[in-house]
Amino acid sequence: MMTERQEKILELIVKEYVKNSKPVSSKSLVQKKFGASSATLRNEMMELERAGYLSQPHTSAGRIPTEKAYKFFINLSEDKNESLVSGDDCSSEDIFEQHFNYLFKEIGEETTQVFIGKDIPMIKTKKYSLIVTGHKAPNKKNEIFGFLTPTRTNYDHNIALINKLKEMLEEFYE
């Protein structure tokens, strides 16, 4: 169970790491006027590391978010994710169609979905995230569009961007 302070620390670390691509130290959090001592922040970061939300590249480094941290960050605002079971005896077209249908079923027409790392149905990797949304075209066909991004990405910005693109597309079809 994560405390409210740990949630705030984790959110700040994810945002700072996405922005700068450098491990985040307790000292840098103190400089951000977090409101706790460097020692307190180190202890909280150590707990977050034990829980699998942070990792430390080496002993004297700050912490970096793990996939679990990115998922938690995304889930602060909405619930997400289940992975796809793939078929073994299918052609690449059949597999693509299965993935497409799965994605559309998962996201429907209303929601934007974020798949992080190994949760991406089409590929199994830790390096990327997939942000997708669904749309029903006037010809009643399902459409999906999205971004395949590095895991270290500005999620808030990209989710807002894809939602704006969806809104513009819907206005275009009207």
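# Exercises on a predicted model

Read along the sequence, the chain runs α-α-α-β-β-α-α-β-β-β-α. The model is predicted.

## Exercise 1. The chain as a whole

Task: state how many helices and strands the chain has, and what share of the residues is buried.

Solution.
1. Six helices and five strands are present in the chain.
2. Of the 174 residues, 38% are buried.
3. The accessible surface of the chain is about 10,600 Å², and carbon and sulfur atoms account for 50% of that surface.
4. Take next the contacts between residues at least 6 apart in sequence: 49% of these join residues at least 24 apart.

## Exercise 2. The largest nonpolar core

Task: identify which residues touch the most other members of the largest nonpolar core, and which elements give two or more residues to this core.

Solution.
1. The core has 27 residues, and those touching the most other members are Leu10 and Tyr155.
2. Two or more residues come from each of helix H1 (4–20), helix H3 (38–50), helix H4 (67–75), strand E3 (112–116) and helix H6 (155–173).
3. H1 supplies six residues, the largest share of this core.
4. For Tyr155, set aside neighbours within four places in sequence; the contacts are then Tyr70, Phe73, Ile74, Val114, Ile116, Ser129 and Ile131.
5. As background, nonpolar side chains in soluble globular proteins tend to be buried together.

## Exercise 3. How H1 packs against H4

Task: determine how H1 is oriented relative to H4, and which residues make the contact.

Solution.
1. The packing angle between H1 and H4 is about 110 degrees, and their axes lie 10 Å apart.
2. Angles of 65 to 115 degrees count as roughly perpendicular, so H1 is roughly perpendicular to H4.
3. H1 contributes Glu7, Leu10, Glu11, Val14, Lys15, Tyr17 and Val18 to the contact, while H4 contributes Ala69, Tyr70, Phe72 and Phe73.
4. Sorted by class, the residues of the contact of H1 with H4 are eight nonpolar, no polar and three charged.
5. Within H4, the buried residues are Glu67, Ala69, Tyr70, Phe72, Phe73 and Ile74. Their cover includes H1, strand E2 (64–65), E3 and H6.

## Exercise 4. How H1 packs against H3

Task: determine the orientation of H1 and H3 to each other, and how the residues of their contact divide.

Solution.
1. H1 and H3 pack at about 85 degrees, with axes 10 Å apart.
2. The two helices, H1 and H3, are therefore roughly perpendicular to each other.
3. On the H1 side, Arg5, Gln6, Ile9, Leu10 and Ile13 take part; on the H3 side, Thr40, Leu41, Glu44, Met45, Glu47 and Leu48.
4. The residues of the contact of H1 with H3 divide into six nonpolar, two polar and three charged.

## Exercise 5. The surroundings of Ser26

Task: decide whether Ser26 is buried or exposed, and state what Ser26 touches.

Solution.
1. Ser26 belongs to helix H2 (residues 26–31).
2. Its relative accessible area is 8%. The cut-off for buried is under 20%, so Ser26 is buried.
3. Not counting residues up to four places away in sequence, Ser26 touches Ser38, Leu41, Arg42 and Met45.
4. Ser26 and Ile9 are 17 residues apart along the chain, and their C-alpha atoms are separated by 9.6 Å.

Methods
Residues are numbered from 1 along each chain as its sequence is written. This is a predicted model: local features need pLDDT of at least 70, side-chain atom pairs count only at pLDDT 80 or more; totals for chains, interfaces and linings use all residues. Side-chain values use heavy atoms; hydrogens and water are left out. A nonpolar core is a set of buried Ala, Val, Leu, Ile, Met, Phe, Trp, Tyr and Cys residues joined through side-chain atoms within 4.5 Å. Buried means under 20% relative accessible area, exposed over 50%, partly exposed in between (1.4 Å probe, protein chains only). Helices (H or I, at least four residues) and strands (E, at least two) are DSSP runs, numbered from the N terminus. Contact means heavy atoms within 4.5 Å. Accessible areas come from the Shrake-Rupley method with a 1.4 Å probe; for residues, only the protein chains shown count as cover. Axes are lines fitted to C-alpha atoms, for helices over the stretch in contact, and angles run from 0 to 180 degrees between N-to-C directions. Angles under 35 degrees count as roughly parallel, over 145 as roughly antiparallel, 65 to 115 as roughly perpendicular and the rest as oblique. Ala, Val, Leu, Ile, Met, Phe, Trp, Tyr, Cys and Pro count as nonpolar, Asp, Glu, Lys and Arg as charged, and the others, Gly among them, as polar.
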